[in-house]
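Me: I would like to learn how to read the features of a protein model, one at a time. Could we work through an example together?

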Amino acid sequence: MKKNKFKNVFPVACMTVILFLFNSAAFSKDKVIVVPLMSTNSKLKECSDCDDTFINENQANSVISSMIVDGEVGYDDISINQVQVRVGGDCPAGSSIRVINIDGSVMCESFSDSGGDITGITAGSGLTGGGSSGDVTINADTTYIQRRVSSGCAAGNSIRAIGEDGTVTCEPDDNSGGDITGVTAGTGLTGGGTNGNVTLNASFPFSLSGSTLGGVIRATNSFGSVGSAAHYAIYGNATGWDGIGVYGEASGASAGIGVYGNATTTFATGVSARSSNYTGLKATTDATDYHAGLFTTTVGVGLAGATLYTQTNNSTGDGIALWAHNDHTSSTDATMVISNDGLGPFLKGFGGSGGEHEIEILNDGTIGIYNANHDRTIIIDPQEGVTGSDGGQITLYNDVGAVSIEIDGSYNGDGRITTNELQITGGSDLSEHFDISKHLNPEPGMLVSIDPMNPGQLQISNKAYDRKVAGIISGAGGIKTGMMMGQRGSIANGTYPVALTGRVYCNAETSQGIIEPGDLLTTSEVPGYAMKVMDHFKAVGSIIGKAMTPLEADKGLVLVLVSLQ
């Protein structure tokens, strides 16, 4: 410092305090004014608050520039050990100043989460809680916060937005019908009420009704995973006795569908019914005309496009895939009706191998039946001929596909059977139908003769060696007629079958001796009976045949090989 510039100089510590009392405008940019301490007999004016250590203690603006010798104090006049140089250092990002040195330099350290210990947390406006020890919790005071909103909307409007200042923006209600005063359970629901918490429950049995083209209930299952288990839109499971998983009923004047299933993707199923013990799908109807319990309309192509597909897979080897039954014993209606508007077969039946038909019915009613090799063996044609004006015909084919039997229902106006061999197993004689005069009651086993009074008719024989004998009424002894001939609507027709040839039982008596097999038989005086031929001359033209069984006494039945002689 410059010598003798002040008589006395303040201690540096006090001088620094005084520097801060000056108006900053009195200092130059690089100068610091130092006021020297002067004694009581110095040039400083008298003051009321002075002592030997401080000038004008506690009195502001008591040091002026005229008190300094040259009017200014330079840097060299001040010790930097006592006065701090201007701070000129800084710290990098992420650090803070920890120490400021006397020469203005700084010491840095990285940020840490240490800003001192919190001694207490006090809840301010809009908050509750706080504390000074332990875990402290602060909660929002909802009653205070809500008070910020002080606006409302007119009736028929609702708040669309709330501003930060508590004001609201309104907009008209889209469907403002007023306050709900009660909840009433509708169809399919129970519960409801007019106050408090209202509960609605599904009513069981669940019942819905409506008037819509799209269905009262529509269920869609969009989940699909190839190879996974089936996913059902509607799943019905009945575990009780005679239960029904899904029951559909349609009523009303117009057409309706009780249950409708629609499958639009590959391997999808419209309606699936499965039963492990009783009925998988049961369709019934109480209608009297043109209605069905099960009705389908979608056109299917082959097995893959079947409108209705039923399958049984019973491990015991039993089971019926489709069974139609009419419970009404007085019903005159059909048990099953199938119609086809297309050009394909009316009905096809496949064997176990699939794809090879075993039976088919065409739209014109023609039935084709096939053998195990899928070769056609029987054709039943209900309208023989191209125009369909002819009668029916049945054609049978042999193992090489050639016609073996042909039954023509209208051959030149008559029926005809054409075959290479005819075997009859139901009887043993060839008979013709005759009308028999009833002065005696005709019975099987009686001998009959030509009735001269009634052309084309017969009568019961009643004299020995009758050359008008015609045959034996067939059917006695359990031997039936094998083949019967006649022409309906003509004279060559009648009521009783009379054996003209073959084997039949005949009434016989032993007035001419016992009958042994091989004996010739003729008419007897006993009406309707035969006897042994004893007079061969008289027997010419009256022999009925030969005995094939014996008759030892009185009357009885004898098996006769009929051969008129």
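**Reading a predicted model**

Reply: Let us begin with a single residue of this predicted model. Val526 is partly exposed, as its relative accessible area is 24%.

Me: Where does Val526 lie in the chain?

Reply: Val526 belongs to the loop that connects β24 (520-523) with β25 (530-532).

Me: Which residues is Val526 in contact with, leaving aside its neighbours within four places in sequence?

Reply: Those residues are Ser461, Glu509 and Lys555. Val526 and Ala464 are 62 residues apart in sequence, while their C-alpha atoms are 8.2 Å apart.

Me: How should I read the confidence of the model?

Reply: The average pLDDT of the protein is 75, and 65% of the residues score at least 70. Over residues 1-45 pLDDT stays under 50, and the model has 72 contacts beyond four places in sequence for them. Over residues 297-301 pLDDT likewise stays under 50, with seven such contacts in the model.

Me: Let us turn to charged residues. How many salt bridges does a search of the whole structure find?

Reply: The general idea comes first. Side chains of opposite charge can pair when their charged atoms come close. In this structure the search finds three salt bridges. One of them is formed by Glu109 and Arg98, whose closest N and O atoms are 3.8 Å apart. This pair links distant parts of the chain, for Glu109 is in strand β2 (residues 106-110) and Arg98 is in strand β1 (residues 95-100), 11 residues apart. Glu109 is partly exposed, with a relative accessible area of 37%. Arg98 is also partly exposed, at 47%.

Me: Which residue forms a salt bridge with Asp466, and is Asp466 buried or exposed?

Reply: The partner of Asp466 is Lys468, and their closest N and O atoms are 3.3 Å apart. Asp466 counts as buried because its relative accessible area is 3%, and the cut-off for that class is under 20%. Lys468, by contrast, is partly exposed, with a value of 29%.

Me: What does the salt bridge between Asp519 and Lys532 tie together?

Reply: The closest N and O atoms of Asp519 and Lys532 are 3.6 Å apart.

Me: Why can strand β21 be called largely enclosed by the rest of the structure?

Reply: Five of the five residues of strand β21 (residues 469-473) are buried, so the strand is largely enclosed by the rest of the structure. β21 runs antiparallel to strand β19 (residues 447-450), with three bridges between them, and Ser449 stands opposite Val469 in β21. β21 also pairs with β23 in the antiparallel sense, over two bridges. In that pairing Ile472 stands opposite Ala499 in β23.

Me: Finally, which residues form a nonpolar patch on the surface?

Reply: The patch consists of Val216, Ile217, Ile234, Val246, Val259 and Val271, which together have about 520 Å² of accessible area. One of these, Val271, lies in the loop between β10 (200-202) and β11 (347-350). Val271 counts as partly exposed because its relative accessibility is 46%.

Definitions and conventions
Residues numbered from 1 in each chain as written. Predicted model: local features only at pLDDT ≥ 70, side-chain atom pairs only at ≥ 80, totals over all residues. Heavy atoms only, no water. Helix = DSSP H or I, 4+ residues; strand = E, 2+ residues; numbered from the N terminus. Buried < 20%, exposed > 50% of the residue type's maximum accessible area, 1.4 Å probe, protein only. Contact = heavy atoms within 4.5 Å. Salt bridge = Lys/Arg side-chain N within 4 Å of Asp/Glu carboxyl O. pLDDT = per-residue confidence, 0-100. Patch = residues over 30% accessible without salt bridge, like charges linked within 9 Å, V, L, I, M, F, W, Y side chains within 5 Å. Areas by Shrake-Rupley, 256 points an atom, 1.4 Å probe, with all protein chains shown as cover. Pairing = 2+ DSSP bridges.
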